[in-house]
Amino acid sequence: MQFHHFGYVSGDPRVQPAAGVGLARPDGLPDEVDVLIVGTGPAGMITAAQLSQFPRISTRIIERRAGRLQTGHADGLQARSVETFQAFGFADRLAAEAHHVTEFAFWQPDPDDPTHIARAGRSPDDPKGLSEFPHILVNQARVLDYFAEFMANSPTRMRPDFGVEYVSHQVLPGTEHPVLATLAYSVGETAGKEFQVRAKYLVGADGAHSRVRQTIGCRFEGHSANHAWGVLDILADTDFPDIRLLSTIQSSSGGNMMVIPREGGFLFRLYVDLGEVPADDAGKVRGTPVEAVIAKAAAILHPYSLDVKKVAWFSVYEVGHRLAEQFDDVPPTETGDRPPHVFILGDACHTHSAKGGQGMNVSLQDGFNLGWKLGHVLDGRTPEALLTTYGAERKVIAKNLIDFDKAWSSMMAKKADEFADAAELPEYFKSTEEFRTGFRTEYPPSMIVGRPMHRDLAKGFPIGQRFASARVRRVADTNPVHLGHQATADGRWRIYVFADEAAPGGDGSAVAELAEWLTRSSDSPFTGLPKGVRPHDWFDLEVVYQQDHHAIELSQVPEVFKPRVGPFALADLERVHATMPEDDIFEARTIDRGGAVVLVRPDQYVAHVMPLAATDELADFFARLRR
């Protein structure tokens, strides 16, 4: 963490100086805002948190509840999500209070006595070591708390507006704030009283029954699987030996169940199979009493006992898979003809079962994807056309999620004797590792994703996929660091320069030539910036040399890699790195020894890979993002 560059800090360095709209933020909702977000779930909160880093942008997030979420909802967080939390500065703290998943246990009917269950095997959660971050289980409310803290400490001093609900909206083209939203107070003496707020953009993160989605006339296509599950968060005594392992249980007659250990060492969640739901049930299954679900769970666990002491949360849901026709207010037939002004994300545009552990994770990436794009457009950095990439990128991911969840839910609902092979479920689990960890996403070429013409220069950084971090040694203080962990959710593009074999100051250095071009060429993305904007404000430029850190003298490193920051124009020396002989990033990520430039988007996805000398390509890429 870097601080003191704006002056001496004696308090919590995570609290950024207030700036822009944060200097005089009104308590009540103003008549006009830049972005109005509906819903404080994971998708809405990460969108707001990202926008909180843009001081000139007025963002408000409303929630119909009177206060913070306390219990229930999602609990599984993939390694990709924890990686994202690292950018927001709370991955370590959240992981410290969470339950870490390292193995998965499979239970099936005992071959010697099918009325009993027996452990059929275990599987490592991440056998390939796809991430240095863990798979964790923790109450969704804590994730929202950390985002709220991040927002409150941001320059804009953002916080949720509780007790306010969305009613409807209309778009009035040709005006500076074209979205006219009708809202209403939902609690207190003024409950039911309506008022209006105008916004440049409206974001609907208001759940599966989204009013925003309904108002834009978006079809929610899909169906129910006519299968119900009971969900309980409980404190209980049990002699089931894998109660602290993420486990699937298939019984011979009682049905199926999943055991989800929770944070704190005592709480755990049960997903209990309630079986097929008649087509004419009309939602009656949702009235299943908690006692019936507990009895079902006890029967599935036989011969093990289950003595429930406390039910912290309980719900019954029917499995359903639905996908929105579009993720913004521009119908498919008009895509490209006009810019979107209303967006939907999270459960508002894709729903599925909870057992695949994907919902909160994919919703978080929806918001991370949209947040920086809104920030760049509203901050005047990028044309409005950038906003069309949100739906184009995220709908495909949501479709993949639903396809995966259909297969996983179907397997979880099968009776033990319906499997042709007892190893079918464990093997499917192992085969889906990249999807389960959140690393299957790959965005196609677009205005912010280049074509893979030079993919062989850095095979470990596939274009369109998330930037897979690796260790380097920071030259200035000799500390080993993860390169990707230094990137914060500040809305900046990352430009990683992996040097050729020449040392700093050496003859024929391609890095030195690139540095000269970045500094002086009129085609450089660092030149022609708006008045008062320094390159470091919009770009994070990092260099990794191939030499050991002892062979690198900072005085010989080009000045562009030591940017002047803050009001005192202090040199930032933490952008210069060396390889670690015992953990060489060039080998770990298969980077060509001739060097390469890797461009990474603000949401941590690789946008392009190109040679050090390909300055024309670098200029063209960023030129199309200039207003």
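Where is Thr 590 found?

1. Basis of the note. This is a predicted model, in which local features need pLDDT of at least 70 and side-chain atom pairs count only at pLDDT 80 or more, whereas totals for chains, interfaces and linings use all residues. Residues are numbered from 1 along each chain as its sequence is written, and side-chain values use heavy atoms, with hydrogens and water left out.

2. Domains. The protein is divided into domain 1 (20-74 + 139-221 + 322-437), domain 2 (99-137 + 223-320) and domain 3 (455-624), with bounds that come from an automatic or database domain assignment. Taken over C-alpha atoms, the centres of domain 1 and domain 2 are separated by 29 Å.

3. Interface of domain 1 and domain 2. Here 30 residues of domain 1 are in contact with 33 residues of domain 2, contact meaning heavy atoms within 4.5 Å. The two domains bury about 2400 Å² between them, 58% of it on carbon and sulfur atoms; buried area is the accessible area (1.4 Å probe) that two parts lose on being put together, summed over both. Between these domains the count of salt bridges is zero, a salt bridge being a side-chain nitrogen of Lys or Arg within 4 Å of a carboxyl oxygen of Asp or Glu. One residue pair is found in polar contact across the interface, with both residues at pLDDT 80 or more; the rule asks for a pair of N or O atoms within 3.5 Å and, within protein, one atom able to donate a hydrogen and the other to accept it, while residues adjacent in sequence count only if both atoms are side-chain atoms.

4. The domain 1 side. The elements giving two or more residues to the side of domain 1 that touches domain 2 are α8 (388-413), α9 (424-431) and α10 (433-436), and α8 provides the largest share, six residues. Helices (H or I, at least four residues) and strands (E, at least two) are DSSP runs, numbered from the N terminus.

5. Salt bridges. The structure holds 46 salt bridges. Side chains of opposite charge can pair when their charged atoms come close. Arg 159 forms a salt bridge with Asp 27, the closest N and O atoms being 2.8 Å apart, and this pair links distant parts of the chain, 132 residues apart, with Arg 159 in the loop between α4 (140-152) and β8 (161-162) and Asp 27 in the segment before β1 (32-38). Arg 159 is partly exposed at 33% relative accessibility, whereas Asp 27 is exposed at 62%; buried means under 20% relative accessible area, exposed over 50%, and partly exposed in between (1.4 Å probe, protein chains only). Glu 559 and Lys 562 also meet in a salt bridge (3.0 Å, N to O), and Lys 562 counts as buried, with 8% relative accessibility. A network of salt bridges links Asp 490, Arg 492, Arg 494, Asp 540, Glu 542, Asp 572 and Arg 575.

6. Backbone points to inspect. A cis peptide bond, with omega about 20°, joins His 302 and Pro 303, and Pro 303 has its place in the loop between α6 (290-301) and β16 (306-324). Arg 157, a residue other than glycine, has a positive phi near 50° and is found in the loop between α4 and β8. Thr 590, which is not a glycine, has a positive phi of about 50°. In reply to the opening question, Thr 590 is found in the loop between α13 (585-588) and β26 (596-600), where Thr 590 counts as partly exposed at 42% relative accessibility.
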